[in-house]
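Please look over the sequence and the structure below before reading on.

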Amino acid sequence: SVSRRRIQAWTLHEGMLHRFFRRRSLRIDTAVAEKANQGDQRALKDLAPVATPDACDALVRHLLPGAQWPRDDWKGVPPSSRWRLFLPTAVVVLPLGITAWWHVGAWSLLALAWLAFAAYASWRSAQRMGYAADEHLVAVRIGWWSRYWRFAEVDKLQALRLTRSPLDRRCGTSTLWLDTAGANSLAPPLRLRFLPEAEAQALYQRLSAALAHRRLRW
């Protein structure tokens with residue numbers, strides 16, 4: 001088992017099959033000293049492999065006393081996030097569909113069907129995307145087809161990074177990256193995407209000030 005103070009970040013996952021059976025999974029990132037030849041074998045990862053949503057929420061509240069969970073103060077992303085989520089798929093699938101027309105004819109229309117689904121999925125994903133932050137916890141909510149909630153205590157944050165891509169500068173947005181000890185590279189990143197620049201800067205300054213006056217616990 002692992003002590004509570006070693007838990008660095010949390011991931012709730014709800015896939016299509018999970019939703020069909022009304023289940024979720026709960027995983028944690030831990031700061032555990034591991035031998036090089038043992039990898040992740042010594043670290044506890046799956047806290048609740050399969051459980052009801054209520055059971056997962058109750059477990060989070062039990063292990064994070066004082067933290068509000070589930071959240072009811074999610075902040076959404078700008079409407080432009082819809083086409084930005086759809087853009088990578090369009091850039092890849094549309095040229096492939098045009099090329100396939102010369103080789104397979106009408107079968108290439110399947111690419112248009114996939115584009116339609118991708119556009120719908122991007123719209124639903126943008127609706128669900130959001131973040132919540134207070135003096136205890138920072139959380140992000142992403143995904144529609146596969147839904148994830150990723151969160152960490154403010155005291156466990158090790159680093160903050162504010163980035164702006166050329167598209168961000170064009171749209172007036174920024175991305176805030178949050179890093180914790182023992183972060184799992186396979187888990188969804190703890191990042192806040194598509195934030196309006198002023199909002200991202202304000203949150204970055206607030207979290208930076210909080211980290212500067214708190215002792216890192218791990």
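In what order do the 3 strands of the open sheet follow one another, and is the pairing parallel or antiparallel? The order is S7-S8-S9 and the pairing is antiparallel, where strands are DSSP runs (E) of at least two residues, helices are runs (H or I) of at least four, and both are numbered from the N terminus; two strands pair if DSSP finds at least two bridges between them. Strand S7 (157-163) and strand S9 (191-196) each have a single partner strand and stand at the edges, so one side of each lacks a neighbour in the sheet. Strand S8 (residues 173-180) is joined to S9 in the antiparallel sense over 4 bridges, and leucine 176 has leucine 192 in S9 as its bridge partner.

This is a predicted model, in which local features need pLDDT of at least 70 and side-chain atom pairs count only at pLDDT 80 or more, while totals for chains, interfaces and linings use all residues. Residues are numbered from 1 along each chain as its sequence is written, and side-chain values use heavy atoms, with hydrogens and water left out.

Helix H5 (residues 166-171) contains leucine 167, which counts as partly exposed because its relative accessibility is 31% (buried means under 20% relative accessible area, exposed over 50%, partly exposed in between, with a 1.4 Å probe and protein chains only).

Turning to the cysteines, the structure holds 0 disulfides, a disulfide being a pair of cysteine sulfur atoms within 2.5 Å. Cysteine 56 counts as buried because its relative accessibility is 0%, whereas cysteine 171, at 26%, counts as partly exposed.
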